[in-house]
Structure formats: C-alpha cells, structure tokens
Amino acid sequence: MLPTWWIVSSWLLWGVILFVYLIIKVLRLWRTAKLQVTLKKYNVLLEDTATNSRAFTNLVRKALRLIQETEVISRGFTLVSAACPFNKAGQHPSQHLIGLRKAVYRTVRANFQAARLATLYMLKNYPLNSESDNVTNYICVVPFKELGLGLSEEQISEEEAHNLTDGFSLPALKDYV
C-alpha cells in the first residue's frame with residue numbers, strides 16, 4: 001500500500017496537469033474565436049468593396065451613356081425615350097456636359113490609383129505562389145511611364161487632362177474606363 005502523501009501528491013500533479021491542459025484549450029478556443037470574428041469582419045469589408053466597385057462601374061456607365069445620348073441628340077437625332085429632354089444649343093459635341101466628362105475622368109483616375117495602390121500593398125504583404133500565379137500580368141506592377149491617359153503622373157493639370165483625353169471626348173473616356 002502507498003503512503004497517503006504519495007497519493008495526495010499524485011492527485012495534485014494530475015490536477016495541475018489537467019488545469020494546464022484546460023488553460024491551453026481555452027486559449028486556443030479564444031484564439032480561434034478571435035480569428036473567426038476577424039475573418040467575418042474582413043469578409044464584410046470585402047463584400048462592401050465589391051458592391052461599391054459594382055456601383056461605381058454602373059454609375060460611370062450611366063454617365064457615359066448620358067454623354068453619348070446628349071451627343072446623339074445634339075447631332076439632330078431623336079431618342080425613342082424622352083427620358084432626358086435636351087435642347088440643341090449649337091455647342092460643339094465635345095462641349096456638352098463638360099463638367100460630367102471631367103468628373104468621370106477624375107473619379108475613374110482616382111479609383112484606378114487607389115485600386116493600384118491597394119493591389120501593390122496586398123502583393124507586398126501577402127505574396128502569391130509563384131508556381132500558380134504570375135505577378136507580372138497585374139496592372140499594378142506595370143511602370144507608370146507605360147500607362148497612358150494621365151495615369152503615369154501623380155498630379156496632372158486640367159489642361160494636360162484635356163489634351164490627353166482629346167477634350168474629354170467620349171471615345172477617350174470610354175477607352176479610359
């Protein structure tokens with residue numbers, strides 16, 4: 001028969017081991033729960049980004065459609081739907097809705113630069129598997145000098161933007177988008 005101090009010390013030893021095991025399990029469970037909450041948060045942010053990107057694309061398309069319809073009407077054609085009445089004012093076609101044309105150019109340019117910076121950040125912080133994905137085909141790694149329509153410089157003047165887009169013409173804006 002074992003002495004009582006031996007039995008008590010073995011129960012104490014098993015109690016400490018069990019306590020340490022439970023602490024480790026609780027910490028792992030807490031870490032997993034924290035990671036799941038973070039994952040859900042980033043998932044919501046990613047879904048919001050995709051939704052905002054789709055909404056931005058749709059708004060730019062609508063703006064370009066409005067510019068195009070205005071140009072068609074200014075040339076003397078009539079549209080089947082009279083959704084936006086327009087009076088031929090005798091302006092040059094590229095001068096119609098010049099504020100909208102400039103806004104489309106500026107917002108698409110800003111959106112492109114933001115997306116490019118975000119993609120560069122992601123590629124630096126989360127490198128891709130070189131066997132399955134080639135980084136050289138991303139537009140964010142193309143040198144600024146090779147990009148056209150004012151994307152190559154940080155800040156361009158209104159006159160430079162006007163010259164690069166041929167007076168904010170519709171074909172240039174469509175190519176830009």
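Predicted model: local features only at pLDDT ≥ 70, side-chain atom pairs only at ≥ 80, totals over all residues.
1. **The surface as a whole.** The protein chain exposes about 13900 Å². Carbon and sulfur atoms supply 63% of that area. As for the interior, buried residues make up 18% of the 177 residues in the chain.

2. **The overall layout.** If you trace the chain from the N terminus, the elements run α-α-α-α. That gives four helices and zero strands. Two of these helices come up again below: helix α1, which covers residues 4–74, and helix α2, which covers residues 98–125.

3. **A nonpolar patch.** Have a look at L12, V16, F19, V20, I23, I24, L27 and W30, which together make a nonpolar surface patch of about 810 Å². F19 is a handy residue to start from, and you will find it in helix α1. Its relative accessibility is 53%, so F19 counts as exposed, since the exposed class begins over 50%.

4. R28 sits in helix α1. With a relative accessible area of 55%, R28 is exposed.

5. **The salt bridge.** How many salt bridges does the structure hold? There is one. Side chains of opposite charge can pair when their charged atoms come close. Here the partners are R101 and E71, with their closest N and O atoms 2.6 Å apart. R101 belongs to helix α2 and E71 to helix α1, so the pair ties together parts that are 30 residues apart in sequence. Is this pair buried or exposed? Both R101 and E71 are buried.

6. **Contacts across the sequence.** Consider the contacts in the protein chain with a separation of 6 or more: residues 24 or more positions apart account for 62% of them. L120 lies in helix α2. Its relative accessibility is 22%, so L120 counts as partly exposed; buried would mean under 20%.

Conventions: Residues numbered from 1 in each chain as written. Heavy atoms only, no water. Helix = DSSP H or I, 4+ residues; strand = E, 2+ residues; numbered from the N terminus. Buried < 20%, exposed > 50% of the residue type's maximum accessible area, 1.4 Å probe, protein only. Salt bridge = Lys/Arg side-chain N within 4 Å of Asp/Glu carboxyl O. Contact = heavy atoms within 4.5 Å. Areas by Shrake-Rupley, 256 points an atom, 1.4 Å probe, with all protein chains shown as cover. Patch = residues over 30% accessible without salt bridge, like charges linked within 9 Å, V, L, I, M, F, W, Y side chains within 5 Å.
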